[in-house]
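Good morning, and thank you for coming. I shall present one protein chain today, beginning with a single residue and then moving to the whole. Please look at the sequence and the structure now.

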Amino acid sequence: MIHFFKNPVSHLALPEKFTYPFHYTPHPLCVLAAEEVKEYIANRKEWQEELASGKMFGVLIVQTDNGITNNEENQIGYLAAFSGNLDGKNLHPYFVPPVYDLLQPEGFFKIEEKQISAINIRIRELENSSSYLGSKEKWKIETEHAKAVLNQAKAELKMAKKAREIRRQSSPELSEEEQASLIRESQYQKAEYKRLEKEWKKRLEELETEVRHFDIEIERLKTERKERSAALQRKLFEQFRMLNAQGEVKDLYTIFEQTVQKVPPAGAGECALPKLLQYAYLHQLKPLAMAEFWWGDSPKNEIRHHGYYYPSCKGKCEPILQHMLQGLEVDENPLLNPVHEEEELEIVFEDEWLLVVNKPAGMLSVPGKAEDRDSVYHRLKKKYPEATGPMIVHRLDMATSGLLLVAKTKEVHQDLQAQFANRSIKKRYVAVLDGIVLPERTGNTGRIELPLCLNPLDRPRQMVSSEHGKEAITEYQIISESERITSESENTFNESNRINESERSINESRKYTRIIFYPLTGRTHQLRVHAAHPEGLGCPILGDELYGKKADRLYLHAEYIEFRHPIYGDILCIQKEADF
């Protein structure tokens, strides 16, 4: 199962710590391993139709003897895995096996799955049976008929009552016998209506009983299905007994008990990295580094690009990996390290009511849950300790640079937020796209309307969803296309010390698109998703490690903002050009 590299790797230094799986640059050994896995996949022609719809693969660099500290060729190798199953199977000789093979023909999962499938078939048979459908239709028709008959009888009662009242008013000297006759008529008609109502009620109850006979059985089967599914799911997740580097074992139910969702989501434990770590621990292999990459087309709602590296998913994998990585020395989350600690925050405009700052890429707008983290808010709070503000009016992604509007008083903050709400504030962003815009997007200008919402299983990623997404509108203007970009660190995005020669040559021949974005709404990651999604521009922003490829920075800058001054009423136009 362990693979040794086809070419020498002794010139590559081993990683000092294991990869932080949620934010990383692939180690050169991982890149080499991934290239060998990609070659293997490409040669399996029988998989290509299935893989065209997309699948995540992973590699794990391992050391065969924990006592060896150098990278001798026979000591350093790699493991490979895929997420989910492949070609209808969990077991393939080239890849590590699953933590638990739920596709075993004689295993409890397949046996119980057959029982649940049989219940599903019985439910469908009952729901579509002619007897059930006929009874429902007859009950529906008779119910409508009863309603019409009783409404007609009720109308006739009212007409008869009105006729009696007219007779009494027109003939005030009615005899006692005539008065008694009118009363008897009223009583008779009411009794007849009650008899008719009772007759119809009995008839409808008989029809409803026929329908309820089917409904009760269908409901019983659905309850049994639900109970069997829950029991099966629990038993299944109890089979996923996850190891860590300290030799400790926890099943998935125990792991997820400490999370908000409490219960493992479907597919938990079947992603590539948990499989890889489990195999390494079982076979006394020391994990050194990991990487996961996508093969095939992008899913409809999420954004994945063929061959690109991606962090592990958070919804399914984060709780599992928090357990499995214990005992390994893991890289720190780079997002927690302040990258502009010594850099003075640039203020582009300021008066006694508000200010506009040029937020550097890599700095948070607000600290979030970790209140002590470096952020624009944190810096300004120190700069203006006596002010009632500062109050951040809107936010930029941590990776995005550019103009950020800040209020110094609550009243100014409310006014500016109202301007954002009614879309009277105008914003302009400049970006460099990692490639050429899809040919379907003809012309240099256009409009993108793709509704967005959070991907609950992979925060903070956003996804396109017509069902759950909120309206998101972006207008754009393509400025230029070129084969290179210019910035203060012109070639650092190649990260030449982290990739092999073949990948560097690909980077050097890549083309880029300089573009202007005009967001008409302000959804999270709106410009990044609209750029990268196949139904948008189909071309991610350079350096977008969530939806594209990592570089030295995200090449997205908020360069212009226009708004009405809340106190003076003047229209302010603030601009700060990007440094790329």
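Is Val249 buried, partly exposed or exposed? Val249 is partly exposed, with a relative accessible area of 37%. The term buried means under 20% relative accessible area, exposed means over 50%, and partly exposed lies in between, with a 1.4 Å probe and protein chains only.

Before I continue, a word on the source. This is a predicted model, in which local features need pLDDT of at least 70 and side-chain atom pairs count only at pLDDT 80 or more, while totals for chains, interfaces and linings use all residues. Residues are numbered from 1 along each chain as its sequence is written, and side-chain values use heavy atoms, with hydrogens and water left out.

Let us return to Val249, which lies in strand E5, residues 249-251. Helices (H or I, at least four residues) and strands (E, at least two) are DSSP runs, numbered from the N terminus. Leaving aside residues up to four places away in sequence, Val249 touches Arg241, Met242, Leu243 and His323. Here a contact means heavy atoms within 4.5 Å. By comparison, consider Arg447, which is 198 residues from Val249 along the chain. The C-alpha atoms of these two residues are separated by 52 Å.

I turn now to the chain as a whole. The protein chain has 12 helices and 19 strands. Its radius of gyration is 34 Å, well over the 25 Å that the globule rule gives for 580 residues, so the chain is more spread out than a compact globule. This radius is taken over C-alpha atoms, and the rule is 2.2 Å times the number of residues to the power 0.38. Along the principal axes, the C-alpha atoms fill a box of roughly 120 × 75 × 50 Å. Of the 580 residues, 47% are buried. Among contacts between residues at least 6 apart in sequence, 70% join residues at least 24 apart.

Two strands pair if DSSP finds at least two bridges between them. Strand E2 (residues 55-63) and strand E3 (residues 76-82) pair over seven bridges in the antiparallel sense. One example is Ile61, whose bridge partner in E3 is Tyr78.

Some backbone details also deserve attention. Most residues other than glycine have a negative phi, and most peptide bonds are trans. Where is a cis peptide bond found? A cis bond joins Arg459 and Pro460, with omega about 0°. Pro460 sits in the loop between strand E14 (452-454) and strand E15 (462-464).

Arg423 has a positive phi, near 60°. This residue is in the loop between helix H10 (410-421) and strand E12 (426-433), and at 44% relative accessibility it counts as partly exposed. His525 also has a positive phi, of about 60°. The loop that holds His525 runs between strand E17 (512-519) and helix H12 (526-532). His525 is buried, with a relative accessible area of 8%.

Finally, Lys140 belongs to helix H4, residues 130-170. Lys140 is exposed, at 52% relative accessible area. Thank you for your attention.
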